[in-house]
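Hi,

Here is the structure I promised to pass on.

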Amino acid sequence: MNEDLIYQAVHSWLTQATGLDGSKVIKAYQNATEPEGLYISVIPVLSMNPIGIIDEEIHTTEGELVTISRRTAMVQIDAYGAGSFGALNDAMDALGNRTIYESAFVDNSMSARQIQSITNTTALKGSRYEQRFTCSIEIEIGYDSTPDGSRGYFDCVEYDVEISEG
Amino acid sequence: MTIPFSAPLSVTRYDPGAYDSNGLWVDGSTSVLSVNASVQPVTPRARQAIEDEIQREGGSHLVGLLVVYSDQELKGDYKNTGEIGDRFTVQGQTFEVIKRSHWNGGIISDSPKITLGHWQCYAALVDEKTL
């Protein structure tokens with residue numbers, strides 16, 4: 001599913017860019033505890049839209065019909081704790097790092113760009129302030145969305161021939 | 001002495017979970033134990049107090065709330081460590097302990113009442129969409 005693909009790509013980008021351990025870059029809304037210290041939470045799909053009116057259909061050399069869907073997804077990234085601005089700043093800088101960008105996004109048929117300023121959302125937590133920053137990126141993703149065997153077209157015609165002596 | 005009207009209650013206990021290297025939460029392992037408990041409906045006043053507390057923490061309303069009196073300790077959920085509260089089933093529905101307090105046995109001051117030492121736990125209905 002493309003939400004999982006997006007999350008995996010964003011997770012790869014953020015861990016490489018910030019140097020944070022994989023367990024400190026988490027998927028949002030898991031009903032679980034906050035990681036200790038600085039951490040980043042990812043909402044992989046804040047919104048999603050199709051690119052174009054119809055999806056692309058490709059006939060392969062084997063005669064199969066493959067559907068390629070292209071979508072744009074807005075991804076929200078929130079950093080919590082001391083150093084959260086620096087972490088997001090490093091992450092956005094890494095969108096210009098060819099090695100990180102290619103391994104996280106290009107190799108997974110995606111492109112990414114920053115679409116929102118890094119914004120300070122620091123707020124009170126209990127009786128003390130917790131440093132928080134947020135930012136959004138837009139991802140374009142192309143993926144194979146071919147239905148599993150239920151396209152409804154004929155893909156095979158069978159016949160047999162009976163020969164009688166006459 | 002035991003809790004009045006108590007009966008064996010089967011409880012599922014969860015060990016603390018952890019994030020894996022992909023940032024995905026993995027629940028801790030579970031064990032099943034039997035406790036001696038009395039499960040009761042909550043009073044409207046107690047329900048309001050708990051809902052007020054949840055709203056102060058940024059949550060919304062609760063669906064389904066029970067109170068459990070037990071002479072054995074039940075674990076509540078604790079978000080700071082990722083612990084899930086003890087869970088049990090009543091009339092086919094699963095409830096999770098969200099709040100607990102321990103009452104020492106003895107005479108309540110300014111009151112002729114005498115209490116048994118016990119745990120008083122509030123449990124909320126587990127909504128499968130929030131798992």
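In chain A of this predicted model, the side chains of E102(A) and R98(A) meet in a salt bridge, with 3.0 Å from N to O. I use that term for a side-chain nitrogen of Lys or Arg within 4 Å of a carboxyl oxygen of Asp or Glu. Both residues belong to helix α3 (residues 98–104) of chain A, and because they are four residues apart there, about one helical turn separates them. Helices (H or I, at least four residues) and strands (E, at least two) are DSSP runs, numbered from the N terminus. E102(A) is partly exposed at 32% relative accessibility, whereas R98(A) is exposed at 65%. Here buried means under 20% relative accessible area, exposed over 50%, and partly exposed in between (1.4 Å probe, protein chains only).

Some notes on conventions: residues are numbered from 1 along each chain as its sequence is written, and chains are lettered from A and ligands numbered from 1 in the order in which they are written. As the model is predicted, local features need pLDDT of at least 70, side-chain atom pairs count only at pLDDT 80 or more, and totals for chains, interfaces and linings use all residues, while side-chain values use heavy atoms, with hydrogens and water left out.

Over all chains there are twelve salt bridges. Another one links R47(B) and E51(B), at 3.5 Å from N to O. These two are four residues apart in helix α1 of chain B, so about one helical turn lies between them. R47(B) is partly exposed at 27%, and E51(B) is buried at 14%. Back in chain A, salt bridges with shared partners join E34(A), K125(A), E130(A) and R132(A) into one network. Within it, E130(A) and R132(A) meet at 2.7 Å, N to O, and E130(A) is buried, with a relative accessible area of 12%.

Helix α1 of chain B (residues 44–56) has 13 residues, and its end C-alpha atoms are 18 Å apart, in agreement with the 18 Å it should span at 1.5 Å a residue. That expected span is 1.5 Å times one less than the number of residues. Which residues of α1(B) are buried? They are A46(B), I50(B), E51(B) and I54(B). They cover an arc of only 130° around the axis, so they sit on the same side of α1(B); the arc is taken from the directions from the helix axis to the C-beta atoms. The face turned away from that buried side carries the exposed residues P44(B), R45(B) and R56(B).

The buried residues of α1(B) pack against β5 (65–70), β7 and β10 (118–125) of chain B, where contact means heavy atoms within 4.5 Å. Seven of the eight residues of β10(B) are buried, so the rest of the structure largely encloses this strand. β10(B) runs antiparallel to β5(B), joined by six bridges, and antiparallel to β7(B), joined by eight. Two strands pair if DSSP finds at least two bridges between them. L66(B) stands opposite A123(B), and E96(B) has A124(B) as its bridge partner.

Finally, the cysteines: the structure holds zero disulfides over all chains, a disulfide being a pair of cysteine sulfur atoms within 2.5 Å. C135(A) is buried at 0% relative accessible area, and C121(B) is buried at 0% as well.

Best wishes
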